[in-house]
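Visitor: I would like a close look at one part of this protein, the metal site, together with the strands around it. Please take me through it in one connected account.

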Amino acid sequence: MLAGDYCRAVEKAGGIPVLLPALAACDRPLRSFCQGLLLSGGGDFDPAYFNEAPHPRLGTVDRDRDCWEILLIRKAQAESLPILGICRGVQALNVAFGGTLYQDLPAQYPQQPNRPLLPHDQPAPGGPATHRVTIKAGSLLARILASTEIWTNSYHHQAVKDPATNLRVTARSDDGVIEGLEGTGDHFLLGVQWHPERLENTDSQRLFAAFILACRQIT
Ligand code: MN
């Protein structure tokens, strides 16, 4: 089960994972029942949320999930709760704050002759690292990983296009595709395009450890 990888990663880092179904609304503070928000991977985002018509290569969308995640992100941000977005999760963060996505990288990404698009939808299951990601020095991500470079897995055909104004790009693959976003404020707000929960190396565990540490500081 896919959720199992996330749950194990959170548990290993010392947190207690609580899975939420997609609800229509939530009138209680998130702080009354959790100390952080982890957004998992999943299907495509409905482009209606960033004012675009569907591209022919758009995959299956789930508007109930899109709507619920946008609501959760805005609530978590308003309550200064730590947020970690993974794969679709980084895209959800961007859309929730007003950014846009490539609906399909191979069809829409502006490629340059000297910088061809890498295969971001790797065929190999199980999570071996397949492409490099370069990280901005001094960013939250660089501080967590204690490095400005990491090799990651890649299971996405969508990606962040125009980042939201309150997010900054802190990681890219060699073809320029955005692989990491983070908040400009003080609280823990981080999204990565790869799947650390499926990578069995200490770099990936550091991401969950840093997130859970931030969650533990919420009272
Ligand atoms: Mn990738």
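Guide: What follows is an account of the metal site, then of the strands beside it, and lastly of the pockets. The model is a predicted one, and in it the manganese ion has five named protein donor positions, namely ND1 of His120, NE2 of His131, OG of Ser154, NE2 of His156 and OE of Glu179, which lie 2.2 to 2.3 Å from the ion. Along the sequence these donor residues follow the spacing H-x10-H-x22-S-x1-H-x22-E. His120 belongs to the loop between helix H4 (105–108) and strand S4 (131–135), whereas His131 sits in strand S4 itself, so this pair ties together parts that are eleven residues apart in sequence. Both His120 and His131 are buried.

Strand S4, which holds His131, runs antiparallel to strand S5, and four bridges join the two. Within this pairing Arg132 stands opposite Trp151 of S5. Strand S5 spans residues 149–152, with Ile150 and Thr152 on its covered face and Glu149 and Trp151 on its uncovered one.

Turning to the pockets, the largest has a volume of about 890 Å³, and among its 30 lining residues Pro17, Val18, Leu19, Leu20 and Leu38 lie nearest its centre. Helix H1 (2–12), strand S1 (37–39), helix H2 (63–78) and helix H6 (202–216) each give two or more residues to that lining, with H1 giving the most, five residues. By class, the lining of the largest pocket comprises 22 nonpolar, five polar and three charged residues.

How values were computed: Residues numbered from 1 in each chain as written. Predicted model: local features only at pLDDT ≥ 70, side-chain atom pairs only at ≥ 80, totals over all residues. Heavy atoms only, no water. Donors = N, O, S within 2.8 Å, 3.2 Å for Na, K, Ca; no water. Buried < 20%, exposed > 50% of the residue type's maximum accessible area, 1.4 Å probe, protein only. Pairing = 2+ DSSP bridges. 1 Å grid on protein atoms, 1.4 Å probe; cavity = no way out; pocket = protein on both sides within 12 Å on 5 of 7 lines; lining within 4 Å. Points joined across faces, edges and corners; volume = space filled by probe spheres on them. Nonpolar A, V, L, I, M, F, W, Y, C, P; charged D, E, K, R; others polar.
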